Amino acid sequence: MSQQYLRLELLEGSMQEKEMKYYSLIDKVYSKKNLLKAYHRVNSNRGAPGIDGVTVKSFGEKLLEEIERLSEEIKSGEYMPMPLRRVEIPKADGKTRQLGIPTVRDRVVQQSLKEILEPIFEERFHPSSYGYRKGRNAWQAVEKAKAFASKYGLCNVVELDLSKCFDTLDHEKIIDSVAERVSDGKILKLIRAMLKSGVMEDGVWKGNRKLAVHRVV
């Protein structure tokens with residue numbers, strides 16, 4: 001089954017029955033074909049290496065070997081994501097924003113998982129939601145806001161920014177939300193492991209139940 005066909009099948013199932021549950025998805029995540037596709041997406045995004053220092057390029061030099069290893073680890077349940085590498089980037093107000101950089105191998109697994117889960121949950125998102133959604137961008141959000149302003153005669157714009165939003169997300173609530181549609185325990189275990197992987201700061205591992213979910217796929 002092609003990956004494009006699989007995504008369409010999942011999306012159609014989601015559209016036809018919004019409360020439909022999916023019971024066996026892990027085999028699609030560890031599919032070598034899907035992992036290869038995920039690598040090429042990660043490769044196109046480039047990005048910095050994680051704590052292991054492995055670059056996208058060096059991972060690609062042993063691509064088939066790495067994909068084989070990842071597939072077997074996920075299939076056997078032995079796969080464990082590495083901690084994130086903490087980096088800080090400057091903000092316009094002079095402060096810094098903390099990000100966590102996953103390893104390339106972990107980004108490949110995340111992307112493979114995203115390819116399977118995205119069609120399932122896409123139709124549940126609010127039509128005015130534009131963040132981190134395929135085929136949507138900030139410019140479309142601006143146009144939607146302009147349309148609302150015109151329709152309702154609005155003159156003021158309020159910008160809201162939730163302080164440390166990702167830092168305070170409850171992981172168990174995230175898992176419970178996913179479990180409403182996905183009953184594959186191995187998928188839920190994989191997501192939980194990603195959320196709990198922690199972060200390395202100055203050589204020290206730090207973990208928290210509500211650790212920031214700054215994932216760079």
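Phe-148 and Tyr-152 both belong to helix H7 (residues 138–152), where they stand 4 residues apart, about one turn of the helix; helices here are DSSP runs of H or I with at least four residues, numbered from the N terminus. This is a predicted model, in which local features need pLDDT of at least 70 and side-chain atom pairs count only at pLDDT 80 or more, while totals for chains, interfaces and linings use all residues. Residues are numbered from 1 along each chain as its sequence is written, and side-chain values use heavy atoms, with hydrogens and water left out.

Phe-148 is partly exposed at 34% relative accessibility, whereas Tyr-152 is exposed at 52% (buried means under 20% relative accessible area, exposed over 50%, and partly exposed in between, with a 1.4 Å probe and protein chains only). The ring centres of Phe-148 and Tyr-152 are 6.2 Å apart with planes at 20 degrees, so this pair is stacked.

Rings of Phe, Tyr and Trp (its six-membered ring) pair if their centres lie within 6.5 Å, and planes under 30 degrees apart count as stacked, over 60 as edge-to-face and the rest as tilted. By this rule there are 2 aromatic pairs. In one of them, Tyr-39 and Phe-59 are stacked, at 5.6 Å centre to centre and with 25 degrees between the planes. This pair links distant parts of the chain, since Tyr-39 lies in helix H3 (residues 32–45) and Phe-59 in helix H4 (residues 56–61), 20 residues apart. Tyr-39 is buried, with a relative accessible area of 6%, and Phe-59 is buried as well, with 2%.

Notes:
Helix = DSSP H or I, 4+ residues; strand = E, 2+ residues; numbered from the N terminus.
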